[in-house]
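Hi everyone, thanks for making time this morning. I'd like to walk you through one structure, so please have a look at it with me.

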Amino acid sequence: RMLRAFRFAATLSFEIDEETLAKISHHNSALTESAQERIWHELTLFFRTRQTTTLLEVLHSCGILECLFPASNDNFSKTFSQYQRLEALLSEPEKIFPQYADQLSTRNYQNNQYLLKIAILLNRIEQKETTENPGPQFSVTQNWKIRASNAEIKFIEQAINGATHLAEMYSRKDPGPEEIYELSNQIGEVLPASIFLFISDSHSKDMILFCNHILKFYYSQFIPAMNNEPLLNGTDIIHRFCLSPSPLFGKILHHVQKAQVLGNIATHDEAVALAEDIIQSQLTEPE
């Protein structure tokens with residue numbers, strides 16, 4: 001009922017009276033006694049509302065956020081600023097990404113926007129110092145006890161991890177096509193969501209240019225190539241090279257797909273030649 005008050009306030013656009021807020025503040029710890037499924041249901045309905053920034057501050061002042069999202073309380077002013085920027089960006093993506101506003105306004109993408117708001121509260125995305133190896137993968141299941149669906153958890157985790165990798169790429173400046181391909185291939189359709197999380201930390205001109213560069217590769221090069229028939233598939237490899245599924249099998253498929261996306265090969269014969277080179281290099285590698 002405490003969460004439902006905020007959900008109704010968001011969906012019906014009214015203010016919660018001070019007496020009710022005082023009682024919510026006094027009893028906020030009782031949230032931990034509620035069924036996780038009921039908490040998640042109310043949270044999703046709240047965050048699906050387009051404008052929740054003002055009420056988020058009230059949730060914080062009542063101690064609700066601290067109960068449900070402990071990480072958000074470490075530096076709430078920064079969390080709130082990032083959340084505010086994210087919600088504004090989700091409402092008007094054309095202001096920062098005018099070329100890709102249509103793609104970012106599809107129903108499929110809009111249906112997952114509530115998960116991005118929740119991702120901000122679970123783990124703020126900050127710019128990282130350059131590291132040789134990526135840091136540990138963020139896991140909702142290890143940091144949060146509320147029970148969302150597996151698909152929702154996967155989306156949040158992929159979006160946060162993708163945003164972390166984007167921050168690392170940005171710190172190194174001017175990522176190459178191969179690096180952008182690897183990230184696009186790793187998180188796929190969640191990449192735009194990761195970009196929204198990443199850029200919500202700061203709207204600097206350089207970051208906007210960087211993110212538009214990533215989206216240009218994703219929408220103009222990666223998606224069209226991935227929608228085309230592969231130049232070499234598993235059946236081709238089995239018949240041509242008499243290989244069975246194995247690490248080498250997967251390596252060939254990965255490198256051929258990558259070369260196709262990057263425009264390094266354009267025909268079946270070129271794909272076969274690349275596969276032959278990979279097999280030959282594998283045979284000549286020292287044990």
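Let me start with a question: which residues does Ala 271 touch, not counting residues up to four places away in sequence? Before I answer, some ground rules. This is a predicted model, where local features need pLDDT of at least 70 and side-chain atom pairs count only at pLDDT 80 or more, while totals for chains, interfaces and linings use all residues. Residues are numbered from 1 along each chain as its sequence is written, and side-chain values use heavy atoms, with hydrogens and water left out.

Back to Ala 271, then. It touches Leu 231, Leu 232, Val 256 and Ile 265, where contact means heavy atoms within 4.5 Å. Ala 271 is found in helix 16; helices here are DSSP runs of H or I with at least four residues, strands are E runs of at least two, and numbering goes from the N terminus. Ala 271 is buried, at 0% relative accessibility. For that scale, buried means under 20% relative accessible area, exposed over 50%, and partly exposed in between, with a 1.4 Å probe and protein chains only. From Ala 271 to Ile 252 there are 19 residues in sequence and 9.4 Å in space, C-alpha to C-alpha.

Ile 252 brings us to helix 15, where it is one of the buried residues, along with others including Leu 248, Phe 249 and Val 256. What covers these buried residues? The cover includes helix 11, helix 13, helix 14 and helix 16. Helix 15 runs over residues 247-262, and its end C-alpha atoms are 22 Å apart, in agreement with the 22 Å that its 16 residues should span. That expected span is 1.5 Å times one less than the number of residues. After helix 15 comes Gly 263, with a positive phi near 80 degrees.

Two residues other than glycine have positive phi as well. Cys 242, with phi near 55 degrees, lies in the loop between helix 14 and helix 15, and is exposed at 67% relative accessibility. Lys 173, with phi near 65 degrees, lies in the loop between helix 10 and helix 11, and is partly exposed at 46%.

Next, helix 11 itself, residues 177-187, where Ser 184 is found. Is Ser 184 buried or exposed? It counts as buried, at 0% relative accessibility. Its side chain reaches the backbone oxygen of Ile 180 at 2.8 Å. Leaving aside neighbours within four places in sequence, Ser 184 is in contact with Leu 191, Phe 217, Tyr 218 and Phe 222.

Now out to the surface. Phe 8, Leu 12 and Phe 14 form a nonpolar patch with about 290 Å² of accessible area together. Those areas come from the Shrake-Rupley method with a 1.4 Å probe, and for residues only the protein chains shown count as cover. Phe 14 is found in the loop between helix 1 and helix 2, and is partly exposed at 39%.

Finally, the whole chain. There are 16 helices and zero strands, and 46% of the 287 residues count as buried. The C-alpha atoms fill a box of roughly 75 × 40 × 35 Å along the principal axes. Among contacts between residues at least 6 apart in sequence, 76% join residues at least 24 apart.

Terms used:
Patch = residues over 30% accessible without salt bridge, like charges linked within 9 Å, V, L, I, M, F, W, Y side chains within 5 Å. Salt bridge = Lys/Arg side-chain N within 4 Å of Asp/Glu carboxyl O. Polar contact = N/O pair within 3.5 Å; in protein donor to acceptor, adjacent residues only side chain to side chain.
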